[in-house]
Amino acid sequence: MKLYRTSNGNYVEQDGSFYRVPEPSWDALITHDDLCGYLSRLVAGGDAVSDFASARIEAPIGAQEVWAAGVTYYRSRSARMAEAKDAGGGDFYDRVYSAERPELFFKATASRVAATGSHVRIRSDSKWSVPEPELTLVINQRGRIIGYTVGNDMSSRDIEGENPLYLPQAKVYDRSCALGPCILVSDEPLLSTTTIRLQIQRKGEIVFSGTTTLAELKRTPATLVEYLFRENSFPAGAYLMTGTGIVPPDSFTLAPGDRIRITIDPIGTLENEVVQASASHPS
Ligand code: DO4
Ligand code: MG
C-alpha cells in the first residue's frame with residue numbers, strides 16, 4: 001500500500017485504486033499504533049475515488065526530522081576518500097566505513113524538503129554538486145520501521161571535500177532534500193535485490209545514469225535505526241536516509257535545469273528539477 005500526502009488530503013493506493021484517508025493529520029498517521037492495519041481496513045471497506053489525479057502531490061512529511069546515514073556503500077567511501085584526500089580527511093571515510101558505529105547526521109526539517117515535481121537547489125557558493133539517491137526509512141516514535149520512501153540527499157562535494165567539518169554546510173540548506181512521491185507502508189523488510197536507479201537529464205539528453213541494489217548496503221536498516229534512536233527521542237517519528245551507492249564521475253556536476261529521476265521500484269519515482277538561486281528560493 002502506498003500513502004500519499006496531497007493538496008487534497010491524504011490518500012492510500014492499492015493496486016492502482018485510490019482511497020481517501022479520513023485522518024487529516026500526517027503526524028497522527030506516522031505515529032499510529034498500527035498504520036498498516038488501519039490502511040488495510042480502509043481499503044477493504046472503502047470506495048475508490050477518482051479525484052486523486054487533480055491533487056498536487058506534497059512531500060510526505062510533517063513534524064518528522066530527516067536524518068541520514070553516510071558511507072554505507074563502498075562506492076561512497078571511495079568517492080569521499082578521493083575528494084577529501086588533499087584536505088587530509090580521506091582516512092576518516094575508510095575508518096567510518098569499517099567501524100561498528102555508523103555515521104549519522106541531521107539532514108532536514110520539513111521546510112527544507114522538496115516534493116516530487118518541485119525544485120531541489122544547488123548552493124550558489126558550490127561548484128561541484130550531486131544528487132544522492134537513497135532508500136529512506138520511515139520510522140515511528142517507537143523506533144519501528146513502518147515504511148519506505150525515495151530520498152535525494154543533495155550534496156556539495158567541493159564544500160565537504162575541502163574539510164569534513166564542513167559537512168553540515170555541504171548537506172543542509174534550503175531544498176537540499178527531496179522525498180517522495182509516497183510512502184510504501186509495509187511491516188516487511190525490502191528484498192536485497194531491490195534496485196535504486198538514478199537518471200540525470202540535461203536539455204533532454206541523459207547525462208548520467210547509474211544503479212545499485214540494497215545488497216550493496218553495508219549495514220542493515222535495523223542497525224541504523226537502533227543507533228539513531230540511542231539517547232534520542234522522536235515524538236513524531238523520523239526519516240532516515242540510508243546512504244548513497246551511486247556517485248557520478250568526478251567530472252560531473254549538476255547544473256540549473258537538470259532533471260533528476262530516482263526510482264526504487266516498489267515505491268515509485270522521485271523527480272525534481274535543479275535550480276540555483278541565492279536571493280530567492282523558488283519552490
Ligand atoms: O560522509 C559524508 C556523507 C556521506 C553520505 O551522505 C552518503 O554516503 O550518502
Ligand atoms: Mg548521502
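**View 1. The buried side of helix 4 in this predicted model.** In helix 4, which runs over residues 90-98, the buried residues are Gly90, Tyr93 and Tyr97. Around the helix axis they cover an arc of only 65 degrees, which places them on the same side of helix 4. An α-helix has 3.6 residues a turn, so residues that are three or four places apart point the same way. Among the elements that cover the buried residues of helix 4 are helix 3 (74-83) and helix 5 (157-162), while the face turned away from the buried side carries the exposed residues Arg95 and Ser98.

**View 2. The magnesium ion (ligand 2) and its protein donors.** The ion has as its protein donors Glu132 (OE), Glu134 (OE) and Asp153 (OD), which lie 2.0 to 2.1 Å from it. Glu132 lies in the loop between strand 8 (129-130) and strand 9 (133-139), whereas Asp153 belongs to strand 10 (residues 145-153), so this pair ties together parts that are 21 residues apart in sequence. Glu132 and Asp153 are both buried, and the spacing of the donor residues along the sequence can be written as E-x1-E-x18-D.

View 3. Of the 283 residues, 54% count as buried, and along its principal axes the C-alpha trace spans about 60 × 45 × 35 Å.

How values were computed:
Residues numbered from 1 in each chain as written. Chains lettered and ligands numbered in written order. Predicted model: local features only at pLDDT ≥ 70, side-chain atom pairs only at ≥ 80, totals over all residues. Heavy atoms only, no water. Donors = N, O, S within 2.8 Å, 3.2 Å for Na, K, Ca; no water. Helix = DSSP H or I, 4+ residues; strand = E, 2+ residues; numbered from the N terminus. Buried < 20%, exposed > 50% of the residue type's maximum accessible area, 1.4 Å probe, protein only. Arc of directions from axis to C-beta. Contact = heavy atoms within 4.5 Å.
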